[in-house]
Amino acid sequence: MFAEIGHAALWLAAALAILQMVSGALALRAAEGEASPYALYARPAAVVQAFLAAIAFLTLLHAFAVTDLSVKLVATNSHSMKPLLYKLTGTWGNHEGSMLLWVSVLALSGGLLAFAERRLPERTMSATLSVQGFVALGFYVFLLFSSNPFERLPVPAVEGIGLNPLLQDIGLAIHPPTLYIGYVGLSVAFSLAMGALITRQVNPNFAKVMRPWVLGAWVFLTFGITAGSYWAYYELGWGGWWFWDPVENASLMPWLAATALLHSVSVLAARDALRTWTIMLGVVAFSMSMLGTFLVRSGVITSVHAFAVDPERGTLLLVLLGLYVGGSLTIFALRAGSVAEGKRFTATSREGALVFNNVMLSAILAIVLLGTLYPVLTEAFDVRVSVGPPYFNPAGAIFAITMFIVMAIGPLLRWKDDSPARIQPQIAVLGAVTLLVIALVVFLGDYPVLPVLGLALAATLGLAALMPLKGRKLTRVPTATWGMVAAHFGVAVALFGMACEGAFTQERLAAVGPGGVEQIGDWKVQLESVDPVSGPNWTAIEARLAVSRDGGEPVTLNPQARNFWAPAQATSESALLTTWDGQLYAVIGDAAGIGPDGQQRWQLRVWWKPFVTFIWYGGLLIAFGGVLSIIGRLQVDLRTRKASRRREEQREDQAAIARDEQAAGGATPEPAE
Amino acid sequence: MSAATDTSEAKAGLNKAWVWIPLLLFIGFATLAAFMLTQPKNEFVTSKMVGKPLPEFDLRPAAQDRPGVSIANFRDGKPKLLNVWASWCLPCIAEAPQLEELRDSGAEIIGIAIRDRPADVAGFLARHGNPYTRIGADDLSEVQLEIGSSGVPETFVIDGQGVIRHQHIGDIRAEHVPMLLEKLQEAK
């Protein structure tokens with residue numbers, strides 16, 4: 001019953017998407033400045049559609065919660081014996097469910113836009129809603145015709161197949177939904193960009209409307225990528241935090257584009273420059289989200305993230321991609337010429353630095369895109385290659401390093417035009433810090449070049465991020481500026497973590513019997529015992545490790561090698577010990593034969609990763625900076641709104657007084673209002 | 001600075017040809033992707049265990065009317081199929097008719113039941129047929145993991161010396177039956 005309601009809600013939502021698209025488009029046919037009778041329907045259609053999509057998602061959530069095994073998706077992806085939390089998160093741990101989540105978030109953000117946004121000209125709004133409806137429609141069609149999550153089984157299954165055990169983790173509860181909100185938030189930025197381009201309204205006013213959406217989406221993407229990286233780090237048990245896997249890249253590319261867009265839209269809002277850039281980045285950012293979805297879901301690329309792969313779905317997604325990306329890029333190319341040139345500025349201005357770094361971000365984006373697509377390209381010629389860190393790290397670093405340097409200096413420059421001589425003292429200090437750190441690290445030991453540069457740049461950037469606060473009264477600094485400072489400082493923190501992980505990580509792999517001791521860095525790791533344990537749907541061998549630092553109080557760690565039985569799969573549960581200056585990371589592997597003392601030995605793998613946690617602290621700080629920035633912008637918006645309302649009231653009051661005076665001079669005085 | 005350097009946007013005003021570049025790149029990508037989608041995807045991953053001998057093992061019987069399985073059963077000179085399955089596994093039900101067909105075509109099939117209870121195994125065999133000559137019980141997935149199988153069902157072609165010749169991942173569909181029979185022939 002519930003599944004049918006959800007299915008029906010989805011069809012109705014699709015119908016409303018058509019209404020939204022058509023009414024928005026028809027409204028554009030009215031002459032400029034004239035109200036169109038069709039424009040009326042677009043907003044309510046978007047709002048009701050949001051409700052229907054939410055209902056559809058909730059019914060699927062319900063089916064998973066009660067393990068309704070007559071629903072095919074539940075039977076193939078869930079299991080009655082799974083803990084409730086993972087039954088619920090299992091809703092989006094599969095292709096159909098995650099696409100439904102995607103569409104629901106799309107509809108909800110479209111509804112929010114239609115409901116809340118009143119600042120744009122009605123024509124631009126109609127065009128925007130029409131584009132948003134068009135995008136939503138495509139994904140409804142995709143869902144209903146090739147990935148229906150509500151399909152019933154002719155005969156209910158006796159038991160479900162279960163969820164991939166790697167996904168039975170709290171990480172799954174957080175990581176995909178936040179990423180989706182980010183991806184889909186970019187759809188609103190995309191629709192706004194198209195709306196503004198179609199109705200020729202690319203101006204600061206439009207940028208101010210677009211900015212919170214871009215910021216919001218960017219915050220969620222940042223948080224989602226950070227969470228995903230940490231999840232992969234502790235769940236896969238490989239000790240790494242980024243693998244340049246196609247699916248990771250698929251989330252990184254929209255983030256890179258969104259970061260560039262974020263800066264570009266701020267310049268457009270504040271300075272009325274970078275008009276064309278902003279529009280193009282708006283199109284590219286959402287295109288990257290869809291491209292990522294296509295690459296992951298079509299099976300064109302092979303990845304460790306084993307998603308259900310289906311060429312028919314791939315074809316349909318490619319058609320959608322062609323319509324949206326191809327269509328928007330065509331409109332962009334045709335219309336870009338008509339976008340009036342924005343305000344000019346010199347290379348040595350804050351805009352100049354922002355443009356430069358946007359180009360750097362785009363270059364990194366191009367490198368990641370090329371590295372991700374290259375295996376597909378060569379496979380077309382029957383050569384199978386795999387592109388990994390040896391390509392991504394140095395190629396990305398060339399642009400990243402330049403970008404970090406400009407990022408340190410850019411915020412110190414004034415808008416429009418500035419002379420480098422003015423900030424010479426600051427540049428000298430920053431340069432000295434860079435050289436000092438490089439000298440220090442090189443003196444301390446022999447480390448690879450990239451981590452050394454990373455450490456130096458992290459120190460420079462951390463200092464530079466705080467410089468805009470210098471000489472200002474801290475209580476008077478706008479919230480949005482605090483946001484920038486926090487985000488830039490977060491980049492320095494994350495970079496510090498990455499560089500430390502790259503330079504100072506120590507690894508120990510050994511076959512150890514109970515009682516055996518291994519030394520790693522300052523840490524003494526003793527294997528006390530290995531015992532079988534069991535959970536709700538798994539059995540495992542669990543090691544008891546006593547770890548102590550410099551002879552201090554020992555702490556017990558319990559890494560496990562788990563075997564799930566529905567579906568049968570082995571995973572390793574790493575055990576982490578977090579201290580302020582890093583993490584001890586332990587994994588227990590297979591049995592490694594009998595030792596000379598006659599005892600069973602086990603493969604034990606231990607890493608000491610100094611300051612590795614700073615990678616994710618930095619990520620969180622960057623996202624937090626975005627949140628501060630949103631708060632700051634909203635504050636300013638509310639204040640101007642209030643001020644303009646007050647002016648309005650004053651004007652009305654004055655008009656009323658004037659009327660009263662006039663009336664008093666006339667024959668019959670009217671009662672005052 | 002008096003000699004203001006024009007930035008990219010100012011230059012772009014003079015020459016807007018660059019606005020077509022993203023579209024061209026996208027068309028290139030779409031063409032490539034469309035081509036790749038039409039290509040038959042070789043999803044077959046050659047297992048590292050192919051060509052390796054089975055490990056030493058000895059499993060207790062999983063069903064009352066069939067003996068258990070040990071490594072010795074695979075070294076009698078006759079190629080066999082080794083089917084890794086479980087009574088709680090849905091695709092195993094789907095492949096049951098194909099296993100019967102293989103047995104009827106002369107293949108000897110030895111089963112290993114993963115994490116199963118004797119009563120469930122008996123129930124499964126009664127409902128979906130019993131194509132096995134022997135069924136071993138692998139309660140901790142030990143043998144399963146050692147032969148490089150990570151899920152159920154999987155089917156291995158083992159030659160007469162106990163060496164793995166082929167690994168089939170997932171359920172056996174009707175179209176796989178001739179291929180498996182051929183692999184059995186090759187293993188002779």
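This is a predicted model: local features need pLDDT of at least 70, side-chain atom pairs count only at pLDDT 80 or more; totals for chains, interfaces and linings use all residues.
Q: What makes the pairing of β3 and β4 of chain B count as a strand pair?
A: Two strands pair if DSSP finds at least two bridges between them. Five bridges join β3 (residues 80–85) to β4 (residues 109–114) in chain B. Therefore the two strands pair. They run parallel. Within the pair, B:V84 stands opposite B:I112.

Q: Why are β5 and β7 of chain B said to stand at the edges?
A: The open sheet has the order β5-β4-β3-β6-β7 in chain B, with mixed pairing. β5 (132–138) and β7 (164–169) each have a single partner strand, so one side of each lacks a neighbour in the sheet. Neighbouring strands here are turned by 20° against each other on average, direction ignored.

Q: What makes helix α6 of chain B a helix that packs on the sheet?
A: Helix α6 (residues 177–186) touches β3, β6 (154–158) and β7 of chain B. A contact requires C-beta atoms within 7 Å. The direction of α6 makes about 25° with that of β6(B).

Q: What does it take for a residue of chain B to count as buried, and how many do?
A: A residue is buried if 20 or more other C-beta atoms lie within 10 Å of its own. Of the 188 residues of chain B, 35% count as buried.

Q: Which elements make up chain B, and in what pattern?
A: Chain B has six helices and seven strands. Along the sequence they follow α-α-β-β-β-α-β-α-β-α-β-β-α.

Q: How is chain A divided?
A: Chain A has domain 1 (1–163), domain 2 (419–504 + 615–635) and domain 3 (509–611). The C-alpha centres of domains 1 and 2 of chain A lie 41 Å apart.

Technical notes. Residues are numbered from 1 along each chain as its sequence is written. Chains are lettered from A and ligands numbered from 1 in the order in which they are written. Domain bounds come from an automatic or database domain assignment. Helices (H or I, at least four residues) and strands (E, at least two) are DSSP runs, numbered from the N terminus. A residue is buried if 20 or more other C-beta atoms lie within 10 Å of its own, exposed if 12 or fewer, and partly exposed in between; C-beta atoms are placed from the backbone. Axes are lines fitted to C-alpha atoms, for helices over the stretch in contact, and angles run from 0 to 180 degrees between N-to-C directions. Two residues are in contact if their C-beta atoms, placed from the backbone, lie within 7 Å.
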